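Open the structure in your viewer and keep the selection tool at hand. The stops below say what to select and what is there.

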Amino acid sequence: IRAQVMELINSPGIHYDMIGGLDEVIKEVIESVELPLTEPELFSNIGIEPPNGVLLYGAPGTGKTLIAKAVASSAKATFIRMSGSDLVQKFIGEGARLVKDVFQLARDKSPAILFIDEIDAVGGMRTHDGTTGSAEVNRTMLQLLAEMDGFDATKNVKVIAATNRIDLLDPALLRPGRFDRVIEIPLPDMVARVEILNIHTRKMKLAEDMDFDKLAKITAGLSGADLQVITKEAGMFVLRRRGEKVTMKDMMDAYEKVVSEEETSTPSGM
Ligand code: ATP
């Protein structure tokens with residue numbers, strides 16, 4: 001059960017240069033998560049406490065998991081991921097204990113980054129709608145708060161939580177000593193989209209006519225994950241026709257395909 005709910009990677013092998021367009025965010029994450037792990041004396045010398053936890057919020061597929069993995073790699077820390085929605089949907093009755101276990105695991109494997117994805121599933125506004133499981137969810141949440149409060153900031157564990165729905169979060173989570181650093185992860189702008197396209201085509205052979213500026217222009221509103229899917233689909237088009245290079249037409253066809261698939265799937269959560 002533990003193995004199903006927690007993913008543990010010793011060093012995820014994701015580097016900051018694999019993330020497009022989030023330089024400001026990365027700077028902030030280095031300051032608040034990486035430096036406290038690698039150079040804690042910087043903080044103690046000045047007499048300030050680094051945050052225990054950082055909350056990343058933004059649309060799906062904007063790179064929240066990627067950032068958490070990159071920090072872990074850069075700090076040479078263990079990366080442990082736990083999904084808030086798995087916790088409340090798949091492991092009913094076990095939530096509080098699993099939260100306790102995952103924090104213990106993080107301390108055992110420190111230095112560690114504990115990444116809690118979809119924290120809104122656990123830390124949503126406490127409702128009393130009588131649905132089964134909500135008392136259980138509350139218990140899981142209380143355990144999470146207890147772990148954050150019992151946390152010694154000088155210990156070699158940092159918690160990064162992520163959500164698409166910050167509006168749903170219980171404000172108790174954001175109090176000092178808990179997730180008191182909140183960082184917005186925006187959708188990529190034009191420049192960022194070009195960067196992301198470059199990152200995901202680093203190993204591809206591109207035809208002369210490739211025009212990332214044009215592609216970036218028409219992909220306004222799409223996420224980094226969407227762009228990654230487009231480059232992959234374009235590669236598949238080349239494979240299918242046994243071509244050698246990815247042409248602009250492959251990219252445009254892939255773009256059409258991805259956008260039409262997005263339109264048919266329900267745009268929930270955003
Ligand atoms: P979710 O909220 O859906 O969990 P997320 O914000 O955690 O999404 P990631 O899992 O980090 O998103 O992103 C999914 C994939 O999309 C990444 O593995 C990467 O390939 C690509 N991607 C997303 N954002 C970026 C970015 N800024 N630069 C490069 N690649 C990106």
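**Around the ligand**

Start at A225, where a backbone N or O atom lies 3.5 Å from an oxygen atom of the ligand. The model is a predicted one. Now select N164: one of its polar side-chain atoms is 3.1 Å from an oxygen atom of the ligand. At G20, a backbone N or O atom lies 2.8 Å from a nitrogen atom of the ligand. On its own the ligand has 630 Å² of accessible area, and the protein covers 79% of that.

**The largest nonpolar core**

Next, select F103, I119, V159, L173 and F179, which touch the most other members of the largest nonpolar core, a set of 32 residues. Elements that each supply at least two residues of this core include strand 3 (78-83), strand 4 (112-117) and helix 8 (134-149). Helix 6 gives the most, with 6 residues. Another core, of 25 residues, lies apart from it, with I14, A68, I113 and F115 among its members.

Go back to L173. Beyond its neighbours within four places in sequence, L173 is in contact with I119, G123, M141, L144, L145, R178 and F179.

**T78**

End in strand 3, at T78. Is T78 buried or exposed? T78 counts as buried because its relative accessibility is 7%, under the 20% cut-off. A polar atom of the T78 side chain lies 2.9 Å from the backbone oxygen of K109. Leaving aside neighbours within four places in sequence, the contacts of T78 include L8, A72, K109 and P111.

Definitions and conventions: Residues numbered from 1 in each chain as written. Predicted model: local features only at pLDDT ≥ 70, side-chain atom pairs only at ≥ 80, totals over all residues. Heavy atoms only, no water. Core = buried A, V, L, I, M, F, W, Y, C linked by side-chain atoms within 4.5 Å. Buried < 20%, exposed > 50% of the residue type's maximum accessible area, 1.4 Å probe, protein only. Helix = DSSP H or I, 4+ residues; strand = E, 2+ residues; numbered from the N terminus. Contact = heavy atoms within 4.5 Å. Polar contact = N/O pair within 3.5 Å; in protein donor to acceptor, adjacent residues only side chain to side chain. Areas by Shrake-Rupley, 256 points an atom, 1.4 Å probe, with all protein chains shown as cover.
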